[in-house]
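Please keep the sequence and the 3D view at hand while reading.

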Amino acid sequence: MLSKYICYTFLFASVLGIESLNAQSPRMKTEGIALGGLISKDTYLSPLNYGGKIIRYYNETNRLQSTLIGQKYFDAQLGSLENPAGNAKMYVLDARLQGAKQVPLYKGSLGTLYAGPGYDAGIGGLYNTRNGNNPATFHADASLALSFGYAYRLPWQACPILIRLSSQIDLLGVHWGQDYGESYYEMTYLSKSLDKKFNLTHWGNSYRQDIRINLDIPVYNRLIVNVMGGASFHNWTVREIENRRKAYFIGIGFTNYMKSIGGKRWLSNNNSIPF
């Protein structure tokens with residue numbers, strides 16, 4: 001009994017030690033709400049382009065890990081779209097998670113440029129008010145990606161605004177979805193082969209790129225306001241279903257610096273931090 005207690009204590013202490021080391025690494029977290037527009041085409045539901053408005057929640061974390069920069073980005077969006085005639089609507093709901101490990105390629109008076117491998121995963125669906133037989137579609141995908149970033153702090157003592165650019169391009173992955181004209185009843189109860197719905201995606205049948213620009217603006221040394229603008233492009237043709245999406249958005253939120261030793265003032269004055 002005593003040996004088991006000692007083992008559990010040692011394990012708990014090890015976990016705390018690892019978390020303590022991770023907590024001491026500089027970290028920057030940004031979250032906010034964005035509004036924008038989306039143009040979408042999904043031939044499973046309609047051959048027409050639908051356009052409308054979206055609202056998006058975004059959450060981004062950058063952490064300095066030794067010489068690497070660990071980046072995670074999550075967003076979830078809800079949209080309402082209309083066809084060109086204005087007599088049918090399509091609703092969009094999806095979420096994405098992206099991550100990357102980036103290596104600084106250049107660091108100097110012009111800022112910091114970094115790049116590295118990453119991943120991209122998404123899940124979501126569409127609902128069309130006019131398509132009675134098959135009114136909804138569902139998709140899920142995951143890809144390996146290439147990530148780029150750039151950061152530059154303006155040399156203004158009164159307002160040292162941080163400019164951050166980031167872009168990620170999918171390279172190779174998998175996509176899950178139904179066949180053209182196949183209902184979910186046919187897919188789940190008749191075919192009984194959900195594992196065969198996975199398809200390989202590459203630049204020959206799929207292209208996805210996300211671009212974001214962030215302005216982190218300090219306000220009276222009290223808080224940091226984040227202004228974010230971005231665009232995403234996602235096109236894929238899988239199982240004879242063509243899907244095209246273009247989204248543009250602008251958002252506002254807050255950025256927090258976290259460091260267990262030294263605080264925000266130390267982090268803001270330390271030139272060794274790439275962001």
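In this predicted model, the largest nonpolar core is made up of 12 residues, namely L38, Y44, L45, Y50, I54, L81, A88, M90, V92, L126, I241 and A247. Two or more residues of this core come from each of strand 2 (50–65), strand 4 (89–108) and strand 11 (241–258). Another core, which lies apart from it, has eight residues, including M28, L64, I69 and A151.

D75 counts as buried because its relative accessibility is 4%, where buried means under 20%. Leaving aside neighbours within four places in sequence, D75 is in contact with R56, Y57, Y58, D94, A95 and R96.

| Pair | Kind of distance | Value |
|---|---|---|
| D75 and Y73 | polar contact, side chain to side chain | 3.4 Å |
| D75 and G32 | C-alpha to C-alpha | 9.8 Å |

In sequence, D75 and G32 are 43 residues apart.

The second largest pocket holds about 200 Å³ of space, and its lining consists of T61, R63, Q65, G70, Q71, K72, G99, A100, K101 and Y119. At least two residues of this lining are supplied by each of strand 2, strand 3 (68–82) and strand 4. By type, the lining residues of this pocket divide into five polar, three charged and two nonpolar.

Conventions: Residues are numbered from 1 along each chain as its sequence is written. This is a predicted model: local features need pLDDT of at least 70, side-chain atom pairs count only at pLDDT 80 or more; totals for chains, interfaces and linings use all residues. Side-chain values use heavy atoms; hydrogens and water are left out. A nonpolar core is a set of buried Ala, Val, Leu, Ile, Met, Phe, Trp, Tyr and Cys residues joined through side-chain atoms within 4.5 Å. Buried means under 20% relative accessible area, exposed over 50%, partly exposed in between (1.4 Å probe, protein chains only). Helices (H or I, at least four residues) and strands (E, at least two) are DSSP runs, numbered from the N terminus. On a 1 Å grid over the protein atoms alone, a cavity is a set of points where a 1.4 Å probe fits but cannot get out, and a pocket is an open set with protein on both sides within 12 Å along at least five of seven lines; lining residues have an atom within 4 Å of a point. Grid points are joined across faces, edges and corners, and a volume is the space filled by probe spheres set on the points. Ala, Val, Leu, Ile, Met, Phe, Trp, Tyr, Cys and Pro count as nonpolar, Asp, Glu, Lys and Arg as charged, and the others, Gly among them, as polar. Contact means heavy atoms within 4.5 Å. A polar contact is a pair of N or O atoms within 3.5 Å; within protein, one must be able to donate a hydrogen and the other to accept it, and residues adjacent in sequence count only if both atoms are side-chain atoms.
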